[in-house]
Amino acid sequence: MFYSISKQNMNHHILPLATKIAKNTSVLCNAARDASSNTTNPIARRRFVESAKDVANGTAELVQTIKILDSSYTPENHRRCTETSRPLLQSIDELYTYAMSREFASVPALISSTGRQLQEPILAAARNVVDGACRIVDCSKNLIVNAKEPAQWQQLAGHTKNVSESIKRLATSVKEMAPGQRECDHAIQELRTLYSEVDKAFTNVETLRKTDKSLQFHQEQISSTSHFISELTLDIRQSSKRDAERIGSYVTQFVTYIEPFVHHTIDYVSCMIHKREKCLILDQVKSIVETSLQLIMGTKESGGNIKNTQWHKVVDDNSELLTKSIHKLVHTLEEQSSSIGIMSGLSENIRTLISTLDTTMLPNQGHFSDYQTCMISYVLAALQTSARGTQACINAASTVSGIIADLDTTILFATAGTLNAEQDGETFADHREAILKTAKALVEDTKTLVAGAASSQEQLASAAQAAVRTITKLAEVVKLGAASLGADDGEAQVMLINSVKDVALALNNLINVTKSASGKNIDDPEMQKLKESAKIMVTNVTSLLRTVKSVEDEAQRGTNALEATIESIAQELRLFNNGQIPTNQTTPEELIRVTKQITMATAKAVAAGQSCRQDDIIAAANLGRKSVSDFLFVCKSSAYIADDKILQQRTLDSGRLCIKYYKELLETIHILIQKSSNETKQKLLNYSRMIAQSTQELVQCAKQLKGADFIDPDDPAYIAENELFNAAQSIEAAAKKLSALKPRRKPKEIDENLNFDEQILEAAKSITNAAGALISAATSAQKEIASQIKKRTNPFLPKNVFPAPTINKGTSPAQLSKSASDEDGQWSQGLISAARYVASACHVLCDAANGLVHGYGTEEKLISSAKQVSSNTAALLVACKVKADFMSQSMARLQTAGNAVKRAADALVRSAQRAVEMQQEDKYFEVSLRVVPGIAQEIKCKEAILTKERELDEARNRLKAIRLAKYGHSEQDSNEST
């Protein structure tokens, strides 16, 4: 297809396709970055980041080859382009496979101890029914022998009565103790109370007590809670039909939102003037409460039973009616707000129009309908004008957030060393003037934006739109300038992009503060925040200008990067100390991981301070900026998961103190650059010590945050579990690649071995699937062993729970603990190696099957690969059995999975060997009966034999060397040990 198109048309299509590939992979990298920030699993977070880097690297390499193909379209360049696209496709497939794995599926709920206590009445009633039935059977046996015994008849009647009462108690318990029933009863009681309050307010509508809050406040609260109520209504509707275990949670949340909704509506009505409008709103909210009551009653009767269809109709009707009623009430309040004066801008416009009526004379008298149409148009225009600036700020903040995400992706490319200029010979000097000019324009737009907060909505909208246009252009020219520095100068690229990212972050914050401060008095606290945000914005732009001027000056750019990092850390600390509760939560394990990053950044900074080399300083500054940002975010998010306020404050204080010391460390390095002295260098070691103490304090806080379930990231059992998971993912990718293979096409002829390729592929697929099941079984066995190890070493368990090991005389407790730890580590390392070997052997098997199917492989390589899978499977089984319980179900499943792999591998070996034997039988040798040609044939045969024998000896020596390097002892020792 490619060669049928002319070269001109091909060049016309290549670059647009390359641009589309780059944009889509950029979106994919951003999605992977978002996934890494949303997950709480540190392994998954690291895997997403590494996958994003692989995609970025693959994209960069593909773009380079596409440029070469565009400049010179030849078959060789086309082949290179095709080969380069394969790693990118493989990286995308692996990212997709990992993202669709079971780890990110929802986890079903488990029955708690409280839930089991709630089940006890049902179980007790059921036991009474069974016991009573048994006694009835015994009495019936006695009555068969002697039917005239009065005592037996009395006992039979008593047992029958007990069974009847037990059945009634069982039915009552099942109904009362069903999931969500208690929550529904509580909600019904609360809704009846709310109905009484609304009815009382309706009766005393003229004498309602006004609140100290404004109408705008009440309307905003009503609008926000109405959205949650509408969503919960749909959730209750669905759970009442099929998810009984979710009813209680949804109903409780529903009551939590319906109460403030009703109270704010009553308070809103108390501030209104006209009685008819008051009664209208109260009547609507009364209907909402009544419909809610009917909805909860129907949900209680439905109880999540999918067969209880008669109550499903009741729930559907009431949920639809409730949603419509809420929307109707919100719409009514929006209509009422304009007449009451919530929109100050609209009121001002109306007053301006009224003042012009006395001075305006209409020359012609027209129809009333014409004036009415014009009046409506003016009102709509006034509405749009009154909110234009606020909406423009919202849109601007969203656009700037997208720019920040794009800059993060560009940093990934720069860190990977794949950010190159689009044109050869391009230098940074070609872009310096454009960057400086755009940055100065952004400063002017910032001034206009700050002034727009105290101006009209029109001016605010214009200023916000101009600022967005300028920051978009600035980000583009800075990215082009960074690319012109070349991939060899990656640290300078990262420093430059970080500078413009700081500017974008400051602008995003400034836009949000401007939106909040719009229309406020000069003495309002929001105006003070606006001044501070504008000051930070100017500081970051100044830092960008300084970085641009010195980025090519190797004698100064390290110093400028250090200054920019110090200022960035100061801003991060201000954000950390703002007192806002974070919306995201991270795990204590993640907190320990970021403390290790700070430790690495500290070590790198100390080394840079000792050497005072500009390259070391810029690398330390870039690493420190990223590490501090991640550290403060994770520290704050982790601290707020604790219920203990003392522990929460201790975690925040330790994190704040750690970054304070790190900032002072960087300031000391800045002093060293200007004037080096031994006294100043000694301060570096003191600060590094204080940072180490702070990180140790944070590690202790993390352990207390997690409690008894704390998992050490360096625990061998934990590492083994992650390696098993990675092996499973690798085998899954191999199976996916194998499933895409197809048998090679053969000419149509009568041949009994026509389906040999199909047999090979099916056998290879069976081996891969069985290996995947084996890794899953090994993971289950490893978790069981790890839990046993955890119980054995858990300090929270009481003594004498497990039998004490035999201790030799003179063995100290520390030696015993170290011995057990070393033993666990050796076992975990053996398990990790075995899992990796199984995954690697499966990939080799896939390549061998692929080569054989496509005609360039051999049956011998396929047989060797299958035998290697079988051998590595046996090693994995041995590694799992070292510390396992042989009677456990996990070991039984593991043994079954191992047998399945062995059977599949043996079947493949037999099929391949039969093919080899049939090929040997089909060979025909022509023997010459003449003397000279006969001697020549004999010599050639002997030569071939000697050559094969020499190759066989060389192969055996290579195998022996591999085993010596692998196991570290001689073959004779191995045989003796065997």
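User: Hi! How many helices and strands are there in the protein?

Analyst: Hello! The predicted model has 29 helices and 0 strands.

User: And what share of the residues is buried?

Analyst: Buried residues make up 40% of the 978 residues in the protein.

User: What about contacts between residues 24 or more positions apart, how much do they account for?

Analyst: Looking at contacts with a separation of 6 or more, 80% come from residues 24 or more positions apart.

User: OK, let's go inside. Which residues touch the most other members in the largest nonpolar core?

Analyst: That core has 77 residues, and Ile471, Leu474 and Leu507 are the ones touching the most other members. Helix α16, which covers residues 490–517, gives the most to this core, with 14 residues.

User: I clicked on aspartate 502. Which helix is that in?

Analyst: Aspartate 502 is found in helix α16.

User: Buried or exposed?

Analyst: Aspartate 502 counts as buried, because its relative accessibility is 13% and the cut-off for buried is under 20%.

User: So what does aspartate 502 touch in there?

Analyst: Not counting residues up to four places away in sequence, aspartate 502 touches Asn540, Ser568 and Arg625. With arginine 625 there is a polar contact between the two side chains, at 2.4 Å.

User: Switching topic: helix α20. How does the span of its 26 residues agree with what you'd expect?

Analyst: Helix α20 runs over residues 614–639, and at 1.5 Å a residue it should span 38 Å. The C-alpha atoms at its ends are 37 Å apart, which agrees.

User: How many residues of α20 are buried?

Analyst: In α20, 19 of the 26 residues are buried, so this helix is largely enclosed by the rest of the structure.

User: Could we look at tyrosine 195 next? Where is its place?

Analyst: Tyrosine 195 is in helix α6, residues 181–203. The relative accessible area of tyrosine 195 is 28%, so it is partly exposed.

User: Which residues are buried in α6?

Analyst: The buried residues in α6 include Gln181, Cys184, Ala187 and Ile188, along with Leu191, Leu194, Val198 and Ala201. As for length, the 23 residues of α6 should span 33 Å at 1.5 Å a residue, and its end C-alpha atoms are 33 Å apart, which agrees.

User: Now the rings. How many aromatic pairs does the structure hold?

Analyst: It holds 2 aromatic pairs. In one of them, phenylalanine 48 and tyrosine 98 have ring centres 5.4 Å apart and planes at 70°, so this pair is edge-to-face. The pair links distant parts of the chain, with phenylalanine 48 in helix α2 (residues 42–71) and tyrosine 98 in helix α3 (residues 75–99), 50 residues apart. Both phenylalanine 48 and tyrosine 98 are buried.

User: And how are phenylalanine 228 and tyrosine 257 arranged?

Analyst: Phenylalanine 228 and tyrosine 257 are stacked, at 4.8 Å centre to centre with 10° between the planes. Phenylalanine 228 lies in helix α7 and tyrosine 257 in helix α8, so the pair ties together parts 29 residues apart in sequence. Phenylalanine 228 counts as partly exposed at 39% relative accessibility, and tyrosine 257 counts as partly exposed at 25%.

User: Last one! What lies over the face of tyrosine 98?

Analyst: Arginine 47 does, at 4.5 Å from the ring centre. Elsewhere, the charged end of lysine 286 sits over the ring of phenylalanine 202, 5.8 Å from its centre.

Definitions and conventions
Residues are numbered from 1 along each chain as its sequence is written. Side-chain values use heavy atoms; hydrogens and water are left out. A nonpolar core is a set of buried Ala, Val, Leu, Ile, Met, Phe, Trp, Tyr and Cys residues joined through side-chain atoms within 4.5 Å. Buried means under 20% relative accessible area, exposed over 50%, partly exposed in between (1.4 Å probe, protein chains only). Helices (H or I, at least four residues) and strands (E, at least two) are DSSP runs, numbered from the N terminus. A polar contact is a pair of N or O atoms within 3.5 Å; within protein, one must be able to donate a hydrogen and the other to accept it, and residues adjacent in sequence count only if both atoms are side-chain atoms. Contact means heavy atoms within 4.5 Å. The expected span of a helix is 1.5 Å times one less than its number of residues. Rings of Phe, Tyr and Trp (its six-membered ring) pair if their centres lie within 6.5 Å; planes under 30 degrees apart count as stacked, over 60 as edge-to-face and the rest as tilted. A charge sits over a ring if NZ of Lys or CZ of Arg is within 6 Å of the ring centre and within 35 degrees of the ring normal.
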